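Good morning, and thank you for making the time.

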Amino acid sequence: MTVKREEILDALSRLKVLGDRDPVSADLIRALSVSPEGAVRFVLEAATAEDAAKLEAQRGAVQQVVEAIPGVTSATVGVSAPMPASGAAQPKGNTPPPDLKIGGHAKPHQGGPAKVPGIDKVIVVGSGKGGVGKSTVSANLAVALARAGRKVGLLDADIYGPSQPRMMGVTKRAASPDGKVIEPSHAHGVTMMSIGLMLDEGQAVAWRGPMLMGALQQLLGQVNWGELDVLIVDLPPGTGDIQISLGQRTQVDGAVVVSTPQDVALIDARRAIDMFAKFKTPVLGLIENMTTYICPNCGHEAHLFGHGGVEEEARKIGVPFLGGLPLALEVREAGDSGRPVAAGDGPVAGAYAVLARSLIDSGVV
Ligand SMILES: Nc1ncnc2c1ncn2[C@@H]1O[C@H](COP(=O)(O)OP(=O)(O)OP(=O)(O)O)[C@@H](O)[C@H]1O
């Protein structure tokens with residue numbers, strides 16, 4: 001029995017948190033993911049440290065409501081609080097800082113955003129909301145760029161729901177023979193590392209801003225990336241701590257924002273673009289995922305969600321439109337099997353090859 005996101009959101013919308021607000025219309029739900037086996041994970045994102053403490057107290061009750069939904073096998077709920085402004089005291093959490101058993105914790109940061117040694121360009125892939133295909137696009141774009149001859153790294157920074165190990169077919173846990181340098185994995189011509197390969201399932205969801213920063217810093221600075229032309233970073237959805245921490249600490253050369261043609265996804269995408277602008281990260285453009293539907297039986301192509309909305313939005317807000325990628329069963333099947341569709345042949349692989357070529361030709365990577 002497959003549980004739908006809508007069923008979970010529906011159950012959550014009948015809850016009351018922080019007084020009498022329902023967590024869905026109060027826009028507190030982040031990174032909602034449902035595994036094919038029915039494991040549900042999401043984060044309640046609080047606007048203030050006080051709200052975070054209140055939500056923390058209600059976390060168990062929220063979890064129970066989700067676990068009671070037929071088909072749900074487990075529910076993991078995290079609470080995240082905003083990062084303190086630099087120089088401010090760090091919040092006291094109940095959860096200890098991440099012990100990745102590899103290397104140390106976040107080092108104090110001085111100065112502006114810094115370049116990652118050995119990596120020519122860092123490109124982040126973001127989205128305003130979850131489930132629009134950001135991880136799928138990150139994996140396939142990385143593979144397409146590698147097929148086009150670039151030295152490519154893929155960093156899964158989606159700390160609340162890391163999906164790159166599954167999509168890239170990597171299960172080997174991260175190893176650090178000397179306790180300092182973390183050895184990455186290699187798959188489909190791409191050097192990759194995921195927070196999911198360093199943690200036990202569910203471990204990260206309770207982390208707060210400063211803890212997330214420590215984990216991200218380790219992934220960027222201690223992984224033996226080697227010399228790369230480009231590192232693609234798969235961000236968590238939305239505009240949370242990871243995005244802020246990355247923007248403050250790391251020189252990011254460009255951001256790609258993934259959206260679907262639906263209006264609501266577009267509104268969220270605009271928010272993500274505003275956030276990148278705040279950190280002076282150049283927005284390379286918008287990608288419309290699930291732009292058309294390709295029938296697996298007859299190959300017929302249809303517009304399910306309307307078409308051209310993202311392109312129009314890109315024009316309105318003055319950012320480039322990078323192209324559309326079809327909704328196709330083979331994309332999901334490829335992602336689930338650990339061999340991204342861009343590693344094969346066919347129309348979707350072709351669309352990714354075109355996308356990679358346009359980024360190369362425009363000098364971005
Ligand atoms: N173009 C597509 N055609 C068919 N299925 C797709 C397509 N893009 C994504 N999917 C499927 O939709 C689901 C969500 O995609 P994905 O995990 O990439 O989204 P996300 O935006 O990274 O979500 P999250 O909020 O979990 O980070 C996955 O099962 C994926 O295989």
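What you see is a predicted model, in which local features need pLDDT of at least 70, side-chain atom pairs count only at pLDDT 80 or more, and totals for chains, interfaces and linings use all residues. Residues are numbered from 1 along each chain as its sequence is written.

First, the chain as a whole. On the DSSP convention, 10 helices and 12 strands are found in the chain. I shall call a residue buried if 20 or more other C-beta atoms lie within 10 Å of its own, exposed if 12 or fewer, and partly exposed in between, with C-beta atoms placed from the backbone. By that criterion, 49% of the chain's 365 residues are buried. Two residues are in contact if their C-beta atoms, again placed from the backbone, lie within 7 Å. Taking contacts between residues at least 6 apart in sequence, 77% join residues at least 24 apart.

The domain bounds come from an automatic or database domain assignment. That assignment gives domain 1 as 5–80 and domain 2 as 119–361. Their C-alpha centres are 24 Å apart. P117 lies in the loop between strand 3 (74–80) and strand 4. With 9 C-beta neighbours inside 10 Å, P117 counts as exposed. Its C-alpha atom is separated by 21 Å from that of I244, 127 residues away along the chain.

Let me turn to strand pairing, where two strands pair if DSSP finds at least two bridges between them. Strand 1 and strand 2 (residues 39–45) run antiparallel and are joined by four bridges. R30 has V43 in strand 2 as its bridge partner. These two strands form a hairpin with four residues between them, and G38 in the turn has a positive phi of about 95 degrees. Strand 1 is mostly covered, with five of its six residues buried.

Which strands does strand 9 join by bridges? It runs parallel to strand 4 (residues 119–126), with four bridges between them, and parallel to strand 10, with five. Strand 9 (residues 254–259) is mostly covered, five of its six residues being buried.

Helix 8 (residues 309–317) deserves a moment. Its residues V310, E313 and A314 are buried. They lie on the same side of helix 8, because they cover an arc of only 105 degrees around the axis, the arc being that of the directions from the helix axis to the C-beta atoms. As a reminder, an α-helix has 3.6 residues a turn, so residues three or four places apart point the same way.

Helix 8 is followed by G318, with a positive phi near 75 degrees. G318 sits in the loop between helix 8 and strand 12, and counts as exposed, with 8 C-beta neighbours inside 10 Å. The C-alpha atoms of G318 and V190 are separated by 32 Å, the two residues being 128 apart along the chain.

Most residues other than glycine have a negative phi. Two residues here call for comment on that account. H188, in the loop between strand 6 (185–187) and strand 7 (190–194), has a positive phi near 55 degrees. H188 is buried, with 23 other C-beta atoms within 10 Å. K280, in the loop between helix 7 (263–278) and strand 10, has a positive phi of about 60 degrees. K280 counts as exposed, with 10 C-beta neighbours inside 10 Å.

Finally, the ligand. How many residues surround the ligand? There are 22, the closest being G130, G133, S135, T136 and V331; a residue is near a molecule if its C-beta atom, placed from the backbone, lies within 6 Å of it. At least two residues of this shell come from each of strand 1 (29–34), helix 3 (134–147), strand 10 (283–294), strand 12 (321–328) and helix 9 (329–337). By class, the shell holds eight nonpolar, 11 polar and three charged residues. Here Ala, Val, Leu, Ile, Met, Phe, Trp, Tyr, Cys and Pro count as nonpolar, Asp, Glu, Lys and Arg as charged, and the others, Gly among them, as polar.
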